[in-house]
There are 2 protein chains.
Amino acid sequence: MLERVESLMREYVKELSNDEIYKLFEALPHGKRLRAKLVLKIAGESDDAVRLAAIIEMIHAASLLHDDVIDDAMVRRGVASLNATEGSKQAVMMGDILYSKGFEELVGFERRIAKAVASAVTQLSIGEMMDVRLSKSFQPDSDAYMQMVYQKTAALIEATASSAAMLAGKEAHIYGVYGRNLGIAFQIVDDILDITQSSEQLGKPAMHDYEEGKTTLPYIYLYEVLDEDGKRRLKSLHGKKLSIDEKEWIKSQMQECGALQKAYLYARELGDEAVSLMRGAGEDSLAEIVTAMIERDF
Amino acid sequence: MLERVESLMREYVKELSNDEIYKLFEALPHGKRLRAKLVLKIAGESDDAVRLAAIIEMIHAASLLHDDVIDDAMVRRGVASLNATEGSKQAVMMGDILYSKGFEELVGFERRIAKAVASAVTQLSIGEMMDVRLSKSFQPDSDAYMQMVYQKTAALIEATASSAAMLAGKEAHIYGVYGRNLGIAFQIVDDILDITQSSEQLGKPAMHDYEEGKTTLPYIYLYEVLDEDGKRRLKSLHGKKLSIDEKEWIKSQMQECGALQKAYLYARELGDEAVSLMRGAGEDSLAEIVTAMIERDF
């Protein structure tokens, strides 16, 4: 079924009648297609579900193209990003094209479905700006961080799940909560892995988030329990290239005070709520997606 | 009435609950609001017309933000562009936010209205990429140029007019043709003024289009009639800073061979068709918009 989604995305891009755009699209890495899988699992394997899945994946791909431009990210899913190979202007334009084609197709759906997805894209774009702002200095406010994670990452997954539920005549709200929790937990796990995994496992430098200025949850939790000297030291390391010793200090402090564990337990709590909602709805395979995601690489 | 459109745009941006975004929005120049005026003139002064006008102006503002990033334009409407003052990343993000909020509100309209506007944005974003590609080398194909102008500039004006007609229960097709012709003629007149006006009148360097690599219609028409030496010389001047002598040579050649006149007559022909369509529909003030636009500064 995922193959039908891929093929419809190609079809949508072909409709633009532009070889250059088609080639750029074909060169994009596919990723896990988590959003498409969610739509198909929730809404079943109808033509409409395939359409919705293809549209949401196009919108997601557009957001990643712009995200990489904003972050100067040169690598995406292990391969050179479009902004690295073609320049950031091409990446901006290609993102605009995928966004707009996605929206154009989205308006074919009933209004509340289109509205749910479109609102999530607004949240996503605001979240991107929040992320940039929060990364400018050391930022120890966990509420601001969680709000940004919701907007930038979880809102579209929430809308994916709730819009698929609308399509299938299922209860949109509980699927929305499921998607929201899945999205937030996913990001927290990502933030933890950035600290605990090696560069080889990550396919990018370890602890790159903090070097880039992102004060993720484990850093915030660590900061809360450090003494004044420790707080000063942690802040002084923010947003710069870290030495091996500095990385070791951060990691050992986090392990000692339980910051990593605390972040993990928070992700797990969100995940557990999502699992029990889905078990209650008889959606075992949706519950398993959460469990697999939470437990990846721990 | 235009004040109600301005105020609704501010309302929409306020709904995003983010001071940074609101400030950036407030700092954007307003422009002529041609699209809003068209909606109000065609659809009348209803609440729905004000909403549609505000949405289309937000989408248009988003497209200009990205356009300035792509073109490295430092000035927009006589003031420093957002990418010049805040950096191109902020301009990309702000464009994404205005686009997505615009789309989010657009889905509140009936499907064919939303579809018309959304499809135009796809055309616009493809047109942007076409423009960049065509500007990479001397490009003497007038069909390719006109196709790009339609996509990048006229498609949204066409959709503005046709969607406003749908809202008012008027015949969408003729208003679409009106908007399309208005948009194309507008761009051709702009292309001519870039050659004939002084830097002071333009508020930017004269003949900047050709220096930037844009082979606009008068250049294409000139190329068609030049002898081999002339063709070589014109091509050799493409995409580089022009001296006063070089500018003089181009302008005098264009005047001599009638390239400017030919481009103007083409714009006028499109304009006349739009005028007669509107006179036929009893829409005199829409006809006058075309006439004023065609005759500006000649």
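Reader: At what angle do the axes of helix α7 and helix α8 of chain B cross?

Author: Helix axes are lines fitted to C-alpha atoms over the stretch in contact, and angles run from 0 to 180 degrees between N-to-C directions. Helices themselves (H or I, at least four residues) are DSSP runs, numbered from the N terminus, as are strands (E, at least two). In this predicted model, local features need pLDDT of at least 70 and side-chain atom pairs count only at pLDDT 80 or more, whereas totals for chains, interfaces and linings use all residues. Residues are numbered from 1 along each chain as its sequence is written, and chains are lettered from A and ligands numbered from 1 in the order in which they are written. Here the axes of α7(B) (residues 111-134) and α8(B) (residues 142-168) cross at roughly 165° and come within 8 Å. That makes α7(B) roughly antiparallel to α8(B); angles over 145 degrees count as such, under 35 as roughly parallel, 65 to 115 as roughly perpendicular and the rest as oblique.

Reader: Is the crossing of α7(B) and α8(B) left-handed or right-handed?

Author: A crossing is left-handed if the near helix is turned anticlockwise from the far one by less than a right angle, and right-handed if clockwise. The crossing of α7(B) and α8(B) is left-handed. Their contact has 17 nonpolar, six polar and five charged residues. In this division Ala, Val, Leu, Ile, Met, Phe, Trp, Tyr, Cys and Pro are nonpolar, Asp, Glu, Lys and Arg are charged, and the others, Gly among them, are polar.

Reader: How many residues does each chain bring to the contact of chain B with chain A?

Author: Two residues are in contact if their C-beta atoms, placed from the backbone, lie within 7 Å. By that criterion, chain B contributes 30 residues and chain A 31 residues. On the side of chain B, two or more residues come from each of α2 (19-26), α4 (47-71), α6 (88-106) and α7. Of these, α7(B) gives the most, with twelve residues. This side of chain B comprises 15 nonpolar, six polar and nine charged residues.

Reader: Which residues make the contact of α4(A) with α6(B)?

Author: The axes of α4(A) (residues 47-71) and α6(B) are 9 Å apart, at an angle of about 155°. That makes α4(A) roughly antiparallel to α6(B), and the crossing is left-handed. From α4(A) come H66(A), V69(A) and I70(A), and from α6(B) come K89(B), V92(B), M93(B) and D96(B). Four of the residues in this contact are nonpolar, one is polar and two are charged.

Reader: What rotation superposes chain B on chain A?

Author: Copies are superposed by least squares on the C-alpha atoms of residues with pLDDT of at least 70 in both. The rotation is 180° with 0.0 Å of shift along its axis, and the RMSD is 0.0 Å. The two copies are thus related as by a two-fold rotation axis. In chain B, V107(B) has the C-alpha nearest the axis, 3.2 Å from it.

Reader: Into which domains is chain A divided?

Author: Domain bounds come from an automatic or database domain assignment. For chain A the assignment gives domain 1 (1-108) and domain 2 (122-298), with C-alpha centres 24 Å apart. Their contact takes 17 residues from domain 1 of chain A and 19 residues from domain 2 of chain A. On the domain 1 side, α3 (34-43) and α4 of chain A each supply at least two residues, and α4(A) gives the most, with eight residues.
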